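Please show the structure first. The report below then walks through domains, interface, helix packing and sheets.

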Number of protein chains: 2
Amino acid sequence: MNSNSNNDKLYTFEKSLELFSRATKIIPGGIYGHMSPTVSVPGAVPYYTVKAKGCRYTDPDGNEYIDYMCAYGPMILGYNNPVVDEAAANQREMANTTNHPAPVMVELAEYMVDLIPIADWVFFAKNGGDMTTYAILTARAHTNRKKIVTVKGGYHGVAPWCTSLGHGGITPEDHVNILQVEWNDLEGFEKLVKSHRGEIAGFISMPYHHITFADQVMPAPGYWSGIEKICREEGIVLILDDVRAGFRLNMGGSNEYFGFKPDLICFSKAMANGYPISACVGRKELMNAASKVFFTGSFWMSAVPMAAALATLKEMVRTDAITKINRMGTLLMNGLREIGERHGLEIITSGPPSIPYIRFADDPNLYLNQIFCSEVTRRGSFFHPHHNWFLSAAHEEEDINETLNHAEAAIKVVKERYKQGALCY
Amino acid sequence: MNSNSNNDKLYTFEKSLELFSRATKIIPGGIYGHMSPTVSVPGAVPYYTVKAKGCRYTDPDGNEYIDYMCAYGPMILGYNNPVVDEAAANQREMANTTNHPAPVMVELAEYMVDLIPIADWVFFAKNGGDMTTYAILTARAHTNRKKIVTVKGGYHGVAPWCTSLGHGGITPEDHVNILQVEWNDLEGFEKLVKSHRGEIAGFISMPYHHITFADQVMPAPGYWSGIEKICREEGIVLILDDVRAGFRLNMGGSNEYFGFKPDLICFSKAMANGYPISACVGRKELMNAASKVFFTGSFWMSAVPMAAALATLKEMVRTDAITKINRMGTLLMNGLREIGERHGLEIITSGPPSIPYIRFADDPNLYLNQIFCSEVTRRGSFFHPHHNWFLSAAHEEEDINETLNHAEAAIKVVKERYKQGALCY
């Protein structure tokens, strides 16, 4: 296994590329969606994972990485966490996907209702996108209205209602009941509501604005309380899409971190440390409407991911994982800014430290960021140049320090390239 | 553990009902979707699974059942099949949900392209419904047309485009691009195509008609070849939704069983023996369009279900599982019809023996079927009165015989109730 802690031999990706070349023949795009290498810097990143443990993983070329994407969110207690895996194994030994749910479904639902302040009930599925669709259907069933307001650039999964025109197969008809506002535009929301009074079933939004290729934008002071007030007054169901940020800011939902009360919250990614599950929790008033939505899937009652979710949530509470994750993210962000400063290349960090995004100040096309993240990756820490990162409770101070060493070496390359004006990776 | 092989003490469901009463407080409907007890006969069936192995499972009251629903399809080699579970465990030990797919994704895709005659490429997701939506988006992207034709009463998941009005949250706007035909109505399809010439992107259908609360209807002679011909002539993408029947009729897709060639096939349920995965395979001509659809999910690249799928498909091929499943279904159907005949209550079986449906001849409201299935269930074999059943390769002749004993005892109760005119369970 290659490890770059003590030398500066750069990783190469021959075996990744070999596998990918086989893949492109028989899988559309080879690797698709958010994991597509075209979303990162093709050729400069690993394409496959062979082994993962804690906050580290190994690619087919034997290169080891300290991981700052955490499977794009699902990993939160470390890959192959023994506590979660033992709970999952015990349930698997009993039963997983059968004709009925297992008793653990009731336990998990009870635990989540206790854990999450706004939750009076819980519904489980597989994808985050299952839950955002379920939430808008519930809002429509509850209000007997049709329109849903979304934030421009927000991400709620891949269903046609939330995928932009221009992507394959999406039609204008998919959006006839969707209205859009800009992030943080309370006034715009108020205007929209006035011009569609009595037509809007729900407003769905992430807790803060985290789009790709751009800084993350936190809610402006008064934004969420203003949104909440208007929704209550106008009978609009307030839906928090906490699929990405959920359980990294507050165990009770990211709304608790920002101080507001939605009617429905969608969770997925981190809730079972990588086991496939999603959930929608809601207030009592919505429960009747929620039960009128016909929504089901072949694996939604599978018991193993429920046992894993219960173990993950309990372990996070027991170890105060969120404080740890936040601390690790803060160390990393401070360290990166300090390195940037020392080398005269200002690094801008945005978003909460547990789900941060970085870029260089003077880098409108993210070319420097692409060079920097690729050079860090080739030294043993996986950095994504266009997407927010994720920290986990498996990261330790030594991991962060090792990564800062990779960053130190990488920024020298960036500086060299910057001087030469060679800004493309 | 209760077992009713040697006595006629009937199962009761106190602990199931106790758990369910806790569940109804915190989960919409308590148990929702296709597993909701309201879809069966409430109070007369188990509500939870505690343990499952082979073709049997145990409920919270300690009652053991020979299972004829197979988790509504996913179980095909037996619960906790050691070959599948070992492959899954080996992959889990390495990595599951990470930043990238595992090499097994490429192996699985290559294996499926070899196994399935029409497949030139494969795409993976989690739900069957992910794939039916992906297929219609691919059809639209390929044809640059909007309309999709579906069969009335067909089931393709819970996305708004394929869920009827009347269900919570569904709007008429969700169906503006959906056209419908009756099952087996080739002439109706031809007329529809003529009146929407150049507008229809795709036709999606299950390989035969299996709705709930009714006999299954096989394709009429010439139906599928007629559909295929029209689709080819009119440039309509022919989509086979093989989520339910896939790998129970033919390892190459149920179209091979019925003798036609679709452009896309959607699989899920049985492909990994209960591990959560779905797939869409397609012809080369569609691959470019397929890669233009933006479609992804947090757990879609998870490696464990892919390793489980590869092991499941190989094990099914190695053991010729389909022949076995078909033989077990035939034994059961023959046995049930014989019992009905002997007791003067004609039993009608429909659909393929591996995915059969039964009802009594003189029973338009399925009351006799409800009594029969409930009485069989209370004796130790889980029969569903309204939904097609599923057989598996884990069923043995002795299991079928034991079940026929349960059926023999149960039909006597039906006969008694029939005489008394007490036709409600």
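Domain bounds here come from an automatic or database domain assignment. This is a predicted model, in which local features need pLDDT of at least 70, side-chain atom pairs count only at pLDDT 80 or more, and totals for chains, interfaces and linings use all residues. Residues are numbered from 1 along each chain as its sequence is written, while chains are lettered from A and ligands numbered from 1 in the order in which they are written.

**Confidence**

The term pLDDT is the predictor's confidence in each residue, from 0 to 100. Chain A has a mean pLDDT of 96. In that chain, 97% of the residues reach 70 or more. Residues 1-6 of chain A stay under 50. The model has 15 contacts for that stretch beyond four places in sequence. Two residues count as in contact if their C-beta atoms, placed from the backbone, lie within 7 Å. Where pLDDT is low, the predicted coordinates should not be read in detail. For the complex, the predictor gives an ipTM of 0.97 and a pTM of 0.97.

**Domains of chain A**

The assignment gives chain A domain 1 (14-62 + 321-420) and domain 2 (82-319). Taken over C-alpha atoms, the centres of domain 1 and domain 2 of chain A are 28 Å apart. Their contact takes 16 residues from domain 1 of chain A and twelve residues from domain 2 of chain A. On the domain 1 side, helix H10 (321-342), strand S11 (347-350) and strand S12 (357-360) of chain A each give two or more residues. Helices (H or I, at least four residues) and strands (E, at least two) are DSSP runs, numbered from the N terminus. H10(A) gives the most to this side, with three residues. By class, the domain 1 side has nine nonpolar, six polar and one charged residues. Here Ala, Val, Leu, Ile, Met, Phe, Trp, Tyr, Cys and Pro count as nonpolar, Asp, Glu, Lys and Arg as charged, and the others, Gly among them, as polar.

**Where chain A meets chain B**

The contact between the chains takes 86 residues from chain A and 86 residues from chain B. Several elements of chain A each supply at least two residues to its side, including helix H1 (14-26), helix H3 (104-115) and helix H8 (287-292). Which element gives the most to the side of chain A that touches chain B? H4(A) does, with seven residues. That side of chain A divides into 49 nonpolar, 27 polar and ten charged residues.

**Helix pairs**

Two packed pairs are set out below. Axes are lines fitted to C-alpha atoms, for helices over the stretch in contact, and angles run from 0 to 180 degrees between N-to-C directions.

| Helix pair | Angle | Axis separation |
|---|---|---|
| H3(A) and H1(B) | about 35 degrees | 10 Å |
| H3(B) and H9(B) | about 35 degrees | 9 Å |

The crossing of H3(A) and H1(B) is left-handed. So named is a crossing whose near helix is turned anticlockwise from the far one by less than a right angle; clockwise makes it right-handed. In this pair, A:Val106, A:Ala109, A:Glu110 and A:Val113 meet B:Leu19, B:Arg22, B:Ala23 and B:Ile26. The contact of H3(A) with H1(B) has six nonpolar, no polar and two charged residues.

H3(B) and H9(B) also cross in a left-handed way. Among the residues that meet there are B:Leu108 and B:Tyr111 in H3(B), and B:Met306 and B:Leu310 in H9(B). The contact of H3(B) with H9(B) has eleven nonpolar, no polar and one charged residue.

**Sheets**

Strands of a sheet pair through backbone hydrogen bonds, either parallel or antiparallel. Two strands pair here if DSSP finds at least two bridges between them.

Chain A has an open sheet of seven strands, ordered S4-S10-S9-S8-S7-S5-S6, with mixed pairing. Strands S4 (121-125) and S6 (178-181) of chain A stand at the edges with a single partner strand each, so one side of each has no neighbour in the sheet. The twist averages 20 degrees from one strand to the next. Within this chain, strand S9 (264-267) and strand S10 (278-282) run antiparallel, joined by four bridges. A:Cys266 stands opposite A:Cys280 in S10(A).

Chain B has an open sheet of four strands in the order S1-S2-S3-S13, again with mixed pairing. Strands S1 (51-53) and S13 of chain B are at the edges, each with a single partner strand, so one side of each is left without a neighbour in the sheet. Three bridges join S2(B) to S3(B), which run antiparallel. B:Tyr57 has B:Tyr65 as its bridge partner in S3(B). S2(B) and S3(B) form a hairpin with five residues between them. In the turn, B:Gly62 has a positive phi of about 85 degrees. S3(B) and S13(B) run parallel, joined by two bridges. B:Ile66 is partnered by B:Ser381 in S13(B), and B:Asp67 stands opposite B:Phe382.
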